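Take a look at the model below. This short report walks through a few of its parts.

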Amino acid sequence: MPESFVHTGFSSRVVFGAGTLDQVAVEVELLEISRALIIATGSARDSADVVQLGLGDRFAGRIDEVRQHVPIERAEAARSKAEEIKADGIVAIGGGSAIGLAKAIALTSGLPIVAVPTTYAGSEMTPVWGQTADGSKTTGTDLAVLPRTVVYDPVLSRGLPLAVTAASVANALAHCVEATWTVKADPITEVTAVEGARALRDGLLAVIEDLHDLDARGNLLYGASLAGSALASAGTGLHHKLCHLLGGTYGLPHAETHAAVLPHATALKAVPRARARLEAALQTDDLATGLYDLFTTAGVPTSLHALGLTEDQLKEAIHTFAESNPTLIDEPALTALLTRAWAGERPA
Ligand code: NAD
């Protein structure tokens, strides 16, 4: 029997399967959306065209420009556009950046979101929003931003290049690992995260062999969904807080930053019971080196230095994080963690 626990689950409708892009219009209708605003990542334009056509009279407008970490100016422009076209719902097609912009609109308007993810960021399963202003990223949790319906069509991610795929999988694996060690982690988030990690590893190794392997793409979307849902319930901890600081303040790419930091955060952090289960899922004897080796095999950059963080910025980041999170980690341990991640060394 597990020890006593509290679990908060979040409900959204999930439609999963190859070819489900064609069902987006029906899902929009089920939500009684009559004026849909489409937000699409540039690389998902073709899919957005298909959805736009399928929506017919329910299509009201479209935004094709999105940026990572939701710059405040983009959020404000998107809110104005939604008001101007009298949108009563949003269809977001793309990675975490497209879904993040849809969430920015939903945060202030409550408009329902239908999310069609094409990466493995997992934002579609969480009530977490983020926004960046003056070089600083703010995140929060609000049920208004949780997509009502998520349509997972593995066909859409077949064109995702290996470098983007691998980094995005690293981001999803970070959700799985962190969901086992936060203060809110519980047996349900743990089992979800472990199964997510298994599917993500299997899917990643298969797409390295064949980028267009539809089964592998399905495994990756399934794993990303579980990862996002585990994170939604367990919340974030040391690892995500570090990545948000690095991404928000120094403009480092989100998913790649996770790949560089996760093995080192994992080496440091005790994850008593879950560690063995995650190691079994990832088929490794050591979680930290297993993650590092998986990312290296997939060709993800594993150093913050390679992502553009200067040595001065590294020192500044250590100082800022240690000052604002005194109970999470002490400064010598943080210095060791980030210095290794900066250099891209294999965890000891
Ligand atoms: P992204 O949305 O910027 O996409 C990464 C890259 O993939 C982009 O260049 C995009 O054009 C390309 N791409 C996307 N779909 C493609 C496709 N089908 N084919 C070819 N290329 C494609 O980045 P991301 O890593 O998906 O998401 C990162 C953002 O999401 C960050 O802002 C992060 O903070 C946020 N995020 C939020 C949560 C949350 O719960 N709120 C969770 C994870 C990430």
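Which residues in α11 are buried? The model is predicted, and in it L287, A288, T289, G290, L291, Y292, L294 and F295 of α11 are buried. That is 8 of the 11 residues of this helix, so α11 is largely enclosed by the rest of the structure. The cover over its buried residues includes α5, α6, α9 and α10. After α11 comes G299. The phi of G299 is positive, near 80°.

Here are the helices named so far, with their residue ranges.

| Helix | Residues |
|---|---|
| α5 | residues 162–178 |
| α6 | residues 187–209 |
| α9 | residues 254–268 |
| α10 | residues 272–282 |
| α11 | residues 287–297 |

Two of the covering helices also pack against each other. The angle between α5 and α6 is about 165°, and their axes are 9 Å apart. Angles over 145 degrees count as roughly antiparallel, so α5 is roughly antiparallel to α6. Their crossing is left-handed.

Which residues meet there? From α5 come L162, T165, A166, V169, A172, L173 and C176. From α6 come A193, G196, A197, L200, L204, V207 and I208. By class, this contact has 12 nonpolar residues, 2 polar and no charged ones.

Now for a strand. I113 lies in β5, residues 113–117. Is I113 buried or exposed? Buried means under 20% relative accessible area. I113 has 1%, so I113 is buried. Leaving aside residues up to four places away in sequence, I113 touches I90, A102, K103, A106, V145, P147, R148 and T149. R58 is 55 residues from I113 along the chain, and their C-alpha atoms are separated by 14 Å.

Conventions: Residues numbered from 1 in each chain as written. Predicted model: local features only at pLDDT ≥ 70, side-chain atom pairs only at ≥ 80, totals over all residues. Heavy atoms only, no water. Axes fitted to C-alpha atoms, helices over the stretch in contact; angles between N-to-C directions. Helix = DSSP H or I, 4+ residues; strand = E, 2+ residues; numbered from the N terminus. Parallel < 35°, antiparallel > 145°, perpendicular 65-115°, else oblique. Left-handed = near helix turned anticlockwise from the far one by under 90°. Contact = heavy atoms within 4.5 Å. Nonpolar A, V, L, I, M, F, W, Y, C, P; charged D, E, K, R; others polar. Buried < 20%, exposed > 50% of the residue type's maximum accessible area, 1.4 Å probe, protein only.
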